[in-house]
Amino acid sequence: MATLIFPAVLILATLLAEALQSLVPALASLHGARVLLFPALLAYGSLALPLPGVLLLAFVAGMFWNLLTLQVVTTSATAVALKAPLIEISTGAHIFLFGVLCTLMHGMRPLFLRGRWEVHVVLAGFCTATLLLVEYLLLNLRRGGFDFSSPVWWRIFVPALASMLLAPVIYAFFTLLAHFVGYPVREDPRESRRSLLSPVEGL
Amino acid sequence: MNRLGVIALAIFLIGTGIVLSLPPATQKRLAAAVQNVVAPLFKAGSDAKNRVEAYATGVKTLAELEKENALLKGENQRLSESAQLLRGLEEENAKLRAALDFKQRSKFRLVPARVIARESATWWTQILIDRGEQDGIEPDMPVLTEAGVVGKTTTVAKRSAAVLLIADENCKVAVSIEGAKEQGILSGARTSTSQSPELTIRFLPKTVEMKPGNKVYSSGVSGGVFPSGLLIGTVLESPKARELDAQVRVAPAVDLARLDNVFVIRTESAPVRPE
């Protein structure tokens with residue numbers, strides 16, 4: 001049962017964080033950078049869940065985020081010529097991006113299972129910065145011309161730093177929850193010691 | 001990777017492919033469905049925030065109340081004078097219209113709406129309002145406050161609608177400038193936000209003449225979203241000539257970072273769906 005409850009709670013928490021993102025205002029003094037809540041949750045999910053769970057999280061979270069931020073363009077030359085609205089970043093784009101990011105982060109799971117909490121901190125920052133950078137690159141490709149003025153970098157790296165600061169809180173909360181529901185997010189210390197002593201057996 | 005992982009990856013890739021191939025109309029419908037789900041959540045959050053703010057601003061000292069009272073008296077005086085002047089102008093306008101046998105081209109109705117959520121993404125500037133299809137709101141309807149233009153509606157759900165702000169690069173408005181015959185296209189910068197909007201008028205002739213402080217109005221091109229004569233902002237500086245055109249920076253008339261109540265301009269032909 002715990003194998004179902006914990007992933008379900010984690011996925012719901014990620015969706016809730018995405019939905020409540022609009023209640024977190026942008027920081028005007030930091031060039032409009034904003035604190036993003038969900039990338040740290042995505043990073044935690046990628047480390048704590050097995051691959052099928054990670055892919056499910058990426059699919060659901062990617063689709064929901066895409067639909068929440070969907071941009072319909074009616075004034076571009078193509079939209080006017082076709083007499084039909086265009087979608088700036090297609091719904092599947094975020095699913096694919098989240099899928100790639102989460103699968104890459106999932107590769108660090110063995111370290112996470114040994115209790116290395118700092119892995120989550122680094123990956124939360126990596127996930128936030130990569131997500132924002134790829135979103136911005138896609139937007140530039142769509143609109144034409146590349147604008148990399150200083151506000152852009154502020155809006156990529158400040159949220160990444162904020163995610164890294166938030167990550168230990170998210171780690172502590174979900175690790176406690178995992179222990180409470182009996183979901184394994186730590187390797188048995190005896191198991192890991194055995195695998196360190198005989199690495200071939202550990203493989 | 002074990003067998004289950006391979007199967008999960010295959011399902012993920014197939015699912016992503018299916019979603020990527022969805023037509024824009026379906027994506028819009030899905031976005032409206034998501035908006036329907038999250039709008040009550042935003043509305044509850046916005047109500048709670050308003051109640052806290054009302055309580056915080058409601059507690060005032062006697063000195064503050066006296067100051068506010070004096071300000072309101074002055075404002076009342078000014079408004080009375082303006083109203084008197086406008087009544088005179090209205091009468092004169094009616095007489096002139098009658099003399100010219102003027103027929104109104106279309107009727108507009110203002111639908112009041114409340115902002116229930118601000119933008120959640122970093123690169124797009126939009127808000128969510130608590131009026132939707134049920135109130136006769138449709139995509140591409142202008143949104144404004146008493147101070148000027150705010151933006152236009154994009155994705156419309158049953159009881160909510162997304163509004164793309166004029167600070168966004170995708171919101172383009174045909175504009176005319178007070179004191180100049182020329183027209184241009186106004187849009188936001190790519191890095192523009194509601195808190196630091198950067199509006200620019202492009203495609204102006206290099207010979208255009210204007211002064212900082214001149215008002216910018218929508219020019220109401222045929223088939224466009226915005227009717228003519230809506231205040232958009234004021235010119236910030238003298239025009240800068242480029243290779244083919246001139247550009248000028250504009251400060252928006254509306255404080256886009258502090259939007260609470262707005263109006264949607266609805267044409268009388270737009271149907272209102274029953275509750």
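Colleague: How do you know that the span of α7(A) agrees with its 26 residues?

Modeller: Happy to show you, and please keep in mind that this is a predicted model. At 1.5 Å a residue, the 26 residues of α7(A) should span 38 Å, and the end C-alpha atoms of α7(A) are 38 Å apart, so the two values agree. Just after α7(A) comes A:G144, with a positive phi of about 90°.

Colleague: Which residues of α5(A) and α7(A) meet?

Modeller: From α5(A) there are A:A93, A:L97, A:L101 and A:M105, and they meet A:L123, A:C127, A:T130, A:L131, A:V134 and A:L138 in α7(A). By class, this contact has nine nonpolar residues, one polar and no charged ones.

Colleague: And what makes α2(A) oblique to α7(A)?

Modeller: Here helix α2 of chain A, residues 38–48, packs against α7(A) at an angle of about 125°, with the axes 8 Å apart. The roughly perpendicular range is 65 to 115 degrees, and roughly antiparallel takes an angle over 145. An angle of about 125° therefore falls among the rest, which count as oblique, and that makes α2(A) oblique to α7(A). The crossing of α2(A) past α7(A) is right-handed.

Colleague: Which residues make that contact?

Modeller: On the α2(A) side they are A:P39, A:A40, A:L42, A:A43, A:Y44 and A:L47, while α7(A) brings A:V119, A:H120, A:L123, A:A124, A:C127, A:T128 and A:L131. Sorted by class, the contact of α2(A) with α7(A) has 11 nonpolar, two polar and no charged residues.

Colleague: Now a single residue. Why does A:V60 count as partly exposed?

Modeller: A:V60 has 17 C-beta neighbours inside 10 Å. Buried takes 20 or more and exposed takes 12 or fewer, so with 17 A:V60 counts as partly exposed. You will find A:V60 in helix α3 of chain A. Leaving aside residues up to four places away in sequence, A:V60 touches A:I11 and A:L15. A:W117 is 57 residues from A:V60 in sequence, and their C-alpha atoms are 25 Å apart in space.

Colleague: Let's turn to the interface. How many residues of chain A are in contact with chain B?

Modeller: There are 44 residues of chain A in contact with 40 residues of chain B. On the chain A side, the elements giving two or more residues are α3 (51–68), β1 (72–73), β2 (86–87), α5 (91–106), α7 (118–143) and α8 (150–181). α3(A) gives the most, with eight residues. By class, that side has 27 nonpolar, 12 polar and five charged residues.

Colleague: And what does the secondary structure of chain B come to?

Modeller: Chain B has three helices and 13 strands. The C-alpha trace of chain B spans about 80 × 60 × 40 Å along its principal axes. Of its 275 residues, 36% count as buried. Among contacts in chain B between residues at least 6 apart in sequence, 60% join residues at least 24 apart.

Key. Residues are numbered from 1 along each chain as its sequence is written. Chains are lettered from A and ligands numbered from 1 in the order in which they are written. This is a predicted model: local features need pLDDT of at least 70, side-chain atom pairs count only at pLDDT 80 or more; totals for chains, interfaces and linings use all residues. Two residues are in contact if their C-beta atoms, placed from the backbone, lie within 7 Å. Helices (H or I, at least four residues) and strands (E, at least two) are DSSP runs, numbered from the N terminus. Ala, Val, Leu, Ile, Met, Phe, Trp, Tyr, Cys and Pro count as nonpolar, Asp, Glu, Lys and Arg as charged, and the others, Gly among them, as polar. The expected span of a helix is 1.5 Å times one less than its number of residues. Axes are lines fitted to C-alpha atoms, for helices over the stretch in contact, and angles run from 0 to 180 degrees between N-to-C directions. Angles under 35 degrees count as roughly parallel, over 145 as roughly antiparallel, 65 to 115 as roughly perpendicular and the rest as oblique. A crossing is left-handed if the near helix is turned anticlockwise from the far one by less than a right angle, and right-handed if clockwise.
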